Amino acid sequence: MGVLGNGKSFGGYPINKGHRSRLLCLFLSESEHLMNRFLAILLPAFIFAGYIYLLNTPIKTGSGTLPAAGIFFNPFCGFWQNAESSALAKEETIHLPGLKEEVTISFDQRLVPHVFSKNEEDLVFAQGYLHARYRLWQMDITARQASGRLSEIFGSRLLDNDQRMRRMGLARTARVYAEQWHNCPEYQFLSSYAAGINQYIGELTEKNLPFEFKLFGYKPEAWSVEKTGQVALSMNLMLCGRNEDLMATNTLEYLGAEDFKMLFPRWNPKQSPIIPKGTTWNFKVNQSTEEQGESGEVGFFPGEIQNDYPRSIGSNNWAVMASKTRDGFPILCNDPHLTLTLPSIWYEMQMQTSTYNAYGVSLPGIPYIAIGFNDYIAWGETNVGMDVSDLYEISWQDDRHQTYLMDGVTKEVSEDVERYEIKGEETIFDTIKLTEWGPVFIEEGRTLALKWLPNLTTDNCMVGSFRLLNQAKNFDDYYKALKRFESPAQNFAFASQTGDVALKVQGALPIKPKVEGQFILDGTIGKNDWRGYIPYDETPFIKNPERGFVSSANQNSTDTTYPYRYHGYFDDYRGRTLNEALTRMQDISVEDMQKLQNSTYSKLADDATGPLIALLPDNLGSTPLIKQLKAWNYYYTSDGTAPIIFEIWFNEFYKLMWDEFSALEEEKKIEVLFPEIWRTIALIAEDPTNKYFDIRNTPEVETAADLARQSFEYTEHQCDSLFSAEPDLVWKNYRPLKINHLSRVPAFSVTNIDVGGVASALNSVKSTHGPSWRMIVQLGNPIKAWGVYPGGQSGNPGSPYYKNMIDDWAAGHYYPLLHPTNPGEMNDHTLTKLSLKP
Amino acid sequence: MKHLIAIVLWILATLILSIWGHWILGLFSSLLIRPFYRVSPGRAILTGLGVGMICWAIPAILINQANDGVLAGMIGNLLTIGSANAVIVITSLLGGIGLSLSAWLSAMIFRQDILLH
């Protein structure tokens, strides 16, 4: 390209008039050429820029947002980088500045890490590092869920859920926990654990970011002790977040006190409690705790309490004494039943340092082993169903709802302003009113404040208990370790090499007024408040009982002779099955325990089938379906058809029987409590003409026999259509088990798992719930253990270790749990080795 | 032969920029390679498409093989487009289109070079 001239020369050459006109033409032609070139470049430049923009822009769809295609699909740092090879490097060394000394980690063939550290701080640091390396997104999303921050990632569709979490107070309480834990002896280990996580987060690049962060288009935040508190609170939400006060109050209003008592008795006479019936208590309760509490204004309460988790989540644990076992060693078993997810709620590992050598499952986000064993003892947990969540009706004293009445005194609410940063939308603010009872939870005409135990247990350092259990050497250590465990209350089973077995119902168990918080209480009366907590030495406990075993399966902790009255949500069947089986069994082997954990026998079906069949008229009593039911042994095997027949029949019977309750919910738009199954079965036998057998919209007065016939005819019809549409239909297809990815994206979930079981069986499998970890520990010398869980060690859907244990779990198989005392013993079992060096 | 060498260099430049730089930088490799590969815009677009598809498909195929198609299969399921192979095709097309557009742009920027030669 030339240089334009000054009129006398052009490019250094002299020019005349003729030249000038030619140069003008040349100039004009050059300009046009430049313009044409510019325009010619503009089109591809525009299209290319648009394409780059598209590659970097997330795509909004009706059901959510798809990740930016370029970022997600490019094979250099997109999702492809999360597609892991099954061939792992034999050895890897990583330098971590936060460590004091070298930590050796041998991963076994299932990718379970065996961590050997010279000091405890490094051990916990390494645990944090491993949790983050394999489960970072799970930890992040669990903490976000509890702190009500999911809408930051998933948009406004999860705002309701976030608001509920914040109203319940989980985020506020996590902040308080973090402050209180500063005074805990474990604080330095909580900090080391967080530092280990942050070490891993600091190493992340766009390329090795965990898969879900790429999928949902965000980056992990630094971990903190507060986030550990959020994860702990998320467990509380799952295990003791249930509240039926509103439903119970509405039901009481509808039924009246007499009928309520008849349909909802406090005690199931068939119940087999955790502490055996007839146990004597060596303490008395102060009479003041027996004062009558008062319910608020009678009337139906609108509103809705969203209970995210089923009434009885269901877990089993037991420990049998050496005298009952074939090899002469105590055996401890535990299978906590929780919502089954991918990644699994558990991360299995061994943690060895100079002072202890623990193995078991840990909760990503919380340090130490939660359920497991060491060189001396084993421990396991099931949930305690006691009600620790109460609602109080607030009586406002002004139109702006800033003052409320309590014991004749007007009190002011304090306010918390919550900020919600919603993805793709404007930030919104929400004010939460705080009363002396707790946060205002429902404000729809009538106002209810929530008093929830985890918000009050500010010394709730479950980490402290876990640490002491990891280190425990005997019964005394175990008993001391539990003292610091406040919430969610657990039934801690224990067994030691020295032959002790024990079980303690442990948690901060509120002492309540006589109505025990079953109904909404009058918030204007201060004496409706809890009266403190059951003292540590008075919570239900049993050690080395005559019957030779201790056990729990979420049933009532005690019989009615226990000096403290309590109300809660308890299982009525598994405890009976378990106690009957353990009482009967002698010369128990590990294999016997495996079979028992996997038992699909249902006491509920056993209790109900006979009475139902007996109600049928003779002409129906010999139909093919009834013949099948008569021949059934009440096992919910995966290939059985009798369980389908029973489930359809019993559910229809239950629906017909409690039609008044469904109608009430429909008519009044309120939530009510339905009578329990055990009470329904008891009424069939005890009072078959009870008025509640009558179907409200028919002119006839029905009895239990009428309902049995009607529901059976319905079952015959249903089975006809089901089995003609699918002749090979069996239980596993009728009640398919699904293990959802935490995001509930079907592509990363596993469906149609070939497994038997039902809620009322020891193998308590529901459509999305089940045994989240099965562990059996034989306390010989050395200790031997077996375990399995439905998932895999890696949280990465692209890893061969994401769901590799599901089939073995479903088949009832166990893996021997390797528990070496030094890294050298791992050599033959090592898949890959990781050295963490300072 | 000259063109073949230029295409190999182009592939190498794309991979180097994408792996050790940033994946978007890889899409600009045509600007680097242009002085050695002077063809008409139409031919540049077609070659860019091929180079881009190769550069994105090869790593995807290798990773997918080592992973037994697990993750790509899930992505195919997520997007309801079928198998892992369909995901590889989408991946390679995204890269191919990017590099073809970039090649078109560089061809237009350096169009005078074509006229001079």
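1. Of the 117 residues in chain B, 46% are buried, a word that here stands for under 20% relative accessible area, with exposed meaning over 50% and partly exposed what falls in between (1.4 Å probe, protein chains only). This is a predicted model, in which local features need a pLDDT of at least 70 and side-chain atom pairs count only at pLDDT 80 or more, while totals for chains, interfaces and linings use all residues. Residues are numbered from 1 along each chain as its sequence is written, chains are lettered from A and ligands numbered from 1 in the order in which they are written, and side-chain values use heavy atoms, with hydrogens and water left out.

2. Chain B has seven helices and zero strands, where helices (H or I, at least four residues) and strands (E, at least two) are DSSP runs numbered from the N terminus. Along its principal axes, the C-alpha trace of chain B spans about 50 × 25 × 25 Å. Among the contacts in chain B with a separation of 6 or more, 74% are between residues 24 or more positions apart, a contact being heavy atoms within 4.5 Å.

3. On confidence, the average pLDDT of chain B is 89, and 95% of the residues score at least 70; pLDDT is the predictor's confidence in each residue, from 0 to 100. Residues 113-117 of chain B, however, stay under 50, and the model has six contacts for them beyond four places in sequence.

4. The accessible surface of chain B is about 5,600 Å², and carbon and sulfur atoms hold 74% of that area; such areas come from the Shrake-Rupley method with a 1.4 Å probe, and for residues only the protein chains shown count as cover. A nonpolar patch on the surface, with about 980 Å² of accessible area together, includes Met1(B), Leu9(B) and Trp20(B). Patches are made of residues with over 30% relative accessible area and no salt bridge, where like charges are joined within 9 Å and nonpolar side chains (Val, Leu, Ile, Met, Phe, Trp, Tyr) within 5 Å; a salt bridge is a side-chain nitrogen of Lys or Arg within 4 Å of a carboxyl oxygen of Asp or Glu. Leu9(B) lies in helix 1 (residues 2-21) of chain B and, at 39% relative accessibility, counts as partly exposed.

5. Over all chains, a search of the whole structure finds 51 aromatic pairs, meaning rings of Phe, Tyr and Trp (its six-membered ring) whose centres lie within 6.5 Å, with planes under 30 degrees apart called stacked, over 60 edge-to-face and the rest tilted. In one of these, the ring centres of Tyr129(A) and Tyr200(A) are 5.7 Å apart and the planes stand at 85°, so the pair is edge-to-face. This pair links distant parts of the chain, 71 residues apart, with Tyr129(A) in helix 3 (residues 120-146) and Tyr200(A) in helix 7 (residues 187-203) of chain A. Both Tyr129(A) and Tyr200(A) are buried.

6. Phe283(A) and Tyr562(A) also form an edge-to-face aromatic pair, at 6.3 Å centre to centre and 85° between the planes. Phe283(A) lies in the loop between helix 11 (257-263) and strand 8 (315-320) of chain A, and Tyr562(A) in the loop between strand 26 (549-552) and helix 15 (574-584) of chain A, so the pair ties together parts 279 residues apart in sequence. Phe283(A) counts as buried at 14% relative accessibility, and Tyr562(A) is buried with a relative accessible area of 4%.
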